[in-house]
Amino acid sequence: MTLDPGSAAIVQLAWARRLGLDDDAFGTALASGERIVRADESARTVEFVRLFGSSVLVGPQAIIDAAADIPDADMAQHVTLLTLTREHGGHGLGAAALFFADDLPLQQPAEEMTVSHGNAEAIELEGRCPPDDVNEVGLSDLENRFTIVHEVDGRRMPLACGAYTEWEGLLAHLGVLVDPEWRRRGLGTLAASIAAHEALAAGLTLQWRTDVSNTGSLALARRLGLSAGGIQTSVNLG
């Protein structure tokens with residue numbers, strides 16, 4: 001689905017505040033065509049973010065200076081940031097695609113489903129999933145959780161959880177986790193849709209962030225109807 005220009009401005013405002021920039025930083029950068037930079041000598045992470053045609057780099061001044069002549073397309077590559085930060089102990093993190101939406105089609109379940117808002121079901125679900133999936137989704141950081149539970153052999157089991165947390169009171173940062181034994185049955189799409197529509201009802205714009213190599217998560221974002229809006233590339237220092 002197409003993102004309204006006003007919603008794109010909300011996304012940029014939320015990211016500007018999260019990155020410690022002026023509220024109008026992205027709009028000003030789009031008009032000037034220049035990259036936004038913010039020097040932070042105490043930063044333990046270097047971040048490059050590109051949103052709707054504007055880009056920002058936050059980190060120590062030496063890294064900002066070294067990146068001055070590097071095109072945005074190259075800066076979006078994780079290997080570029082790793083190379084720039086090698087002498088500063090750059091390591092970890094990576095490149096994540098960013099998707100957004102201000103409206104989504106409603107996903108209807110094929111049968112009646114029970115949805116839990118409790119923590120216990122989400123925690124149990126995490127215990128049934130690979131650690132890499134658990135770490136990428138980060139359900140523990142997404143306080144609004146909607147877990148689909150199903151009775152199996154007389155026991156209630158969590159199958160999938162869609163969740164979100166608020167960013168700057170403007171964005172709903174979404175995540176979804178599905179029991180590996182119950183994947184490829186549409187439960188991830190359904191759980192994400194439930195969380196997304198709850199967030200939309202709360203007046204928030206939706207955000208989906210996923211590693212650029214996670215083909216399953218990228219496909220889910222597109223199935224939901226989210227629009228690609230940018231990329232976030234980051235490395236840890238020290």
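Strand β8, residues 171–178, gives the largest share of the lining of the largest pocket. That share is six residues. The model is a predicted one. Its chain is assigned two parts, domain 1 (5–99) and domain 2 (114–227). Each of them supplies at least three residues to the lining of the largest pocket.

**The largest pocket**

- The volume of the largest pocket is about 1200 Å³.
- How many residues line the largest pocket? The lining has 44 residues.
- Nearest the centre of the largest pocket lie Glu 136, Val 137, Thr 210, Asn 214 and Ser 217.
- Sorted by class, the lining holds 16 nonpolar residues, 16 polar residues and twelve charged residues.
- Strand β8 contributes six of the lining residues.
- Domain 1 (5–99) and domain 2 (114–227) both take part in the lining, with at least three residues from each.

**The two domains**

- Domain 1 covers residues 5–99, and domain 2 covers residues 114–227.
- The centres of domain 1 and domain 2, taken over C-alpha atoms, are 27 Å apart.
- Which residues meet across the two domains, in numbers? On the side of domain 1, 13 residues are in contact with 17 residues of domain 2.

**Cysteines**

- The structure has zero disulfides.
- A disulfide needs two cysteine sulfur atoms within 2.5 Å.
- Seen from Cys 161, the closest cysteine sulfur is that of Cys 129, and at 9.8 Å it is too far for a bond.
- Is Cys 129 buried or exposed? Cys 129 counts as buried because its relative accessibility is 8%.
- Cys 161 is buried too, with a relative accessible area of 0%.
- The cut-off for buried is under 20% relative accessible area.

**Val 79**

- Where does Val 79 sit? Val 79 is in helix α5, which spans residues 78–84.
- Val 79 has a relative accessible area of 54%, so Val 79 is exposed.
- Exposed means over 50% relative accessible area.
- Val 79 and Gly 94 are 15 residues apart along the chain. Their C-alpha atoms are separated by 8.5 Å.

Conventions
Residues are numbered from 1 along each chain as its sequence is written. This is a predicted model: local features need pLDDT of at least 70, side-chain atom pairs count only at pLDDT 80 or more; totals for chains, interfaces and linings use all residues. Side-chain values use heavy atoms; hydrogens and water are left out. On a 1 Å grid over the protein atoms alone, a cavity is a set of points where a 1.4 Å probe fits but cannot get out, and a pocket is an open set with protein on both sides within 12 Å along at least five of seven lines; lining residues have an atom within 4 Å of a point. Grid points are joined across faces, edges and corners, and a volume is the space filled by probe spheres set on the points. Helices (H or I, at least four residues) and strands (E, at least two) are DSSP runs, numbered from the N terminus. Ala, Val, Leu, Ile, Met, Phe, Trp, Tyr, Cys and Pro count as nonpolar, Asp, Glu, Lys and Arg as charged, and the others, Gly among them, as polar. Domain bounds come from an automatic or database domain assignment. Buried means under 20% relative accessible area, exposed over 50%, partly exposed in between (1.4 Å probe, protein chains only). Contact means heavy atoms within 4.5 Å.
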